[in-house]
Amino acid sequence: MPKKQKRGKGFSRREFLTAGAAAAGGAAIGGRTAEARPAGPKTLGPKKVAVTLNVNGKDRELEIEPRVTLLRALRNHLDVTGPKQACDRGACGGCSVLVDGLLVNACMMLALDAVGRKIVTPEGLMEGDKMAPIQEAFCAHDALQCGFCTPGFVMACQWTLNRRKSPTLAEIKKDLSGNICRCGTYNRIFQAVQTVAKKR
Amino acid sequence: MGKVKTKVGFGEKVREIEVDVPDGEPAPWGADAKLTVVGTDVVRVDAAMKASGRAKYTYDINLRDMLCALVLHAPYGAAQIKKLDTSKAEKMPGVKGVLPFKKAGDPIRYHGDEVAAVAAETEDQAEDALHAIEVEYDRKPVVTTIATAMAAGAPQVFPGRENVRPGRGGQPRGDAEGAIKSADKVVEAAYETQVQTHSSFEPHGTVAKFNEDGSLTVWCSTQATFGIRQQAQQVAGRGTKVRVFAEFVGGGFGSKFGLHVTGAAAIRLAKQTGRPVKCMCTRESEHTTGGNRPSSLQKMKAGLDKDGQIQGLIVETFGSGGIGGGGGCANPIIYSYGAGKKTESDVFVNGGPAAAFRAPGHPQGIFALDSFMDECAHAAGLDPLEFRKKHSRDEVYRAQWDLGAKMIGWERRNKEAGKGSGHLRRGIGMASTRWGQIGAPGSRVDVIIRDDGTVEAHNGAQDIGTGTKTVLATIVAEELGLKPPQVAVKMGDTDLPMGPGSGGSVTAPSVGPAARNAGIDAKEKLAELAAKKLGVEAKDVVFADGKVGTLKFEEACKLIEGGSLRGTGERRNNYATYRGGVAGCQFADVEVDIETGRIRPVKVVAVQDAGRVISKLTFESQVLGGVIQGISYALYEDRILDRNVGTQMNADFLNYKIAGPADMPEIEVVAFSIANAGNNCGMAGLGEPPTIPTAAAIANAVFNATGLRLRSLPMTPDKVLAAAGKKEW
């Protein structure tokens, strides 16, 4: 799945105890990090650290253990519940968010690695109560049923529309291949993307 | 109301019948009913909430001081617990409550059996605490498939009980053995289907909160709010007042009728800790404990006369719902087959218990039956569609078959199966579906019209993604002469009027007719007020185009005293109907790569009736979803248990394959609307039937493309290649 890249040299979920803080992340983490070891990379945790995440244009401060994923930071600490925890292993795309414009599975990224970056969730595509064109197209085409995968698909579709001017059906299918819908709405999601691409 | 004449049927096949309409019911919408919004492309009323990410599902409920609970599940298919020690877990950081479900000596019969639960301040701390629970297992031999469970000397899933519970089945009809013995041709085949897990995108789970007055509030990802209220009461203690919310539910497909261990854990830990508790399944435990579609082995034998008419049919099925029952296969239905006999047996294996899964028994049953019909047609040298017409006189089927055949281009199919050249082979196949539900009494809907012109429709049942809220809004809007978005629908709250559990495709046809009655009741009350103002008779006040008589709807609402008026409607019994159930068929055009074994569906046409179509968009979505789940069942999904220890090897979304965007063919859906006069809206069940025939249609298309008869689901490349290797090309 080429689209779900993890940027930077930061923490992976399994490696956080030993990994060094990424330059971008470390700078913004603030003063409560564990003491630096003279001979090795700086180690954080397991105690909570104060971080600031830029979510949907707003800086949000929170205290989390360094192991906390971006998804859990959003959902459990900031009550931003658009991104869903459906598989927690990067296999379904239910937690898709944009991080500095790149499509990311928020369950596969540590919150610390998102520090200093712009995180956008489906809530953040809205302008007040006005939905983004892709969200409106989802409604018009009924490209959703139970709706639990929808926020993730909306982000994946937005990412496709951001990077391709007029995506072909094959390109749309490829770009969305990191996402699963259990109710079976795919074909209407393709239509929603095509409608938005055509209209702009 | 008494006897009423009404027109029923579809297309050109419309006729007038007389139905006995209960008192207080309006005449049913006949085939000639002039309707404004019913049957149109109504935008799903909660679509914006979902697309914006603002919809709050159970999983999204965050309460002040809420704890996160997780359940520890046994990792083996069969074992005895030697030791269970939670003392270390209790001392872990953030842990506030521990709840053992088992004790030393207790048996484990499937991977996923619950062992204990913990509640901690955060999800990560709860995970740590699960790891700190010490359990020692004494592993026992397992059986993981129907074949191994039936073998002589197989380990017993329940010691002292046979693994096979044999021989239930309906009354035999005539002498099937005799008919087969004297037949011109005998066809015999056995089919196998796999275990499919529901894999609802939102896993099972519950948030439980005890309030200061001792009452319990529950948010539950469920398809039966009122059933959950009762079950939660049993766990919380008799006399506890319980209110259940399920405003948004991330799918259910039959698996979410019960409180599940997560619900029991949430309530008990909330009681234990005095704090609100959220307990959700992980994806792994959703696979192992969330329910599944039983596997099956189906043996079929038919005798055909020289004209290719089936004179006798014998069906013997075995189904395994793991440690649960309910493994029966729904066949033979749909076709006429002369004399018949069927037995079905449940087989226990060390797997998680089955749960109702979108048309229980039907997708597996129809995979076998409609594959077998194709095999019989081939044996008789007849076109598969002509062969089916010989075995059904049903006018709806015949119309649907003709329509589907035209849309897929049936004449393009290989006249001789497997004829062609190159490594890519194309073929076309079809199969049919039937479902028997048109809803039932027991529901009530309230319609509230306020003096500010707003309208609400209330029912306490849940919309699990099927579009029930939209159906209610559409029906109430039709009666009040409004547009559906003007009717705000509240569902998923047990303080609202009673509604059904979403099983058997009954929700919409049970609640919809009650909504119509409620809309009419509210309308009549508002008409009285408007009539007084306008100086006309109430019965002459017409509700249309946002107007009440000559008044604007909002102006009429200003006449309401006391803030609001309430119309109420009960769901009454079904009437004698044109057609008791619903019918559908699907045609598949597939491409098979005989070198890689890959089957690629190119196009599927799905023709489906569900009585009257209320909301066309959501109707089509339901059918589309049924087809896509059917493709997934046909080609990809398979719960794999390790044969030595019974552990599910693919309890995730990486290795348990669900059809994804790249697997999608073109899918054409025909909403085949029928006026059936079975209830005041003529509605029937839709959720389940469209997922039934897909696998059989694809299998039949594969045969037409390659001449290979695949009798085992899922039809993965290894099975295609194994079959291809035995054929002369």
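Mentor: Start with handedness: a crossing is left-handed if the near helix is turned anticlockwise from the far one by less than a right angle, and right-handed if clockwise. Keep in mind that this is a predicted model, where local features need pLDDT of at least 70, side-chain atom pairs count only at pLDDT 80 or more, and totals for chains, interfaces and linings use all residues. Residues are numbered from 1 along each chain as its sequence is written, while chains are lettered from A and ligands numbered from 1 in the order in which they are written.

Trainee: Okay, which hand does the crossing of α12(B) and α13(B) have?

Mentor: Right-handed. Helices here are DSSP runs of H or I with at least four residues, strands are E runs of at least two, and both are numbered from the N terminus.

Trainee: And what makes α12(B) roughly parallel to α13(B)?

Mentor: Helix α12 (residues 468-480) of chain B packs on helix α13 (residues 507-534) of chain B at an angle of about 30°, the axes being 8 Å apart. Angles under 35 degrees count as roughly parallel, so this pair gets that label. Axes are lines fitted to C-alpha atoms, for helices over the stretch in contact, with angles from 0 to 180 degrees between N-to-C directions.

Trainee: Which residues make the contact?

Mentor: Among them are B:Leu472, B:Ile475 and B:Glu479 of α12(B), and B:Val511, B:Ala515 and B:Arg516 of α13(B). Contact means C-beta atoms, placed from the backbone, within 7 Å. By class, there are nine nonpolar, four polar and three charged. Nonpolar covers Ala, Val, Leu, Ile, Met, Phe, Trp, Tyr, Cys and Pro, charged covers Asp, Glu, Lys and Arg, and the others, Gly among them, are polar.

Trainee: How many bridges join β12 and β13 of chain B?

Mentor: Five, in the antiparallel sense, which clears the cut-off for pairing. B:Lys209, for one, has B:Thr217 in β13(B) as its bridge partner.

Trainee: What about the contact between chains? How many residues does it take from chain B and from chain A?

Mentor: Chain B gives 47 and chain A gives 49. On the side of chain B that touches chain A, α15(B) has the largest share, eight residues. That side has 22 nonpolar, 15 polar and ten charged residues.

How values were computed
Two residues are in contact if their C-beta atoms, placed from the backbone, lie within 7 Å. Two strands pair if DSSP finds at least two bridges between them. Angles under 35 degrees count as roughly parallel, over 145 as roughly antiparallel, 65 to 115 as roughly perpendicular and the rest as oblique.
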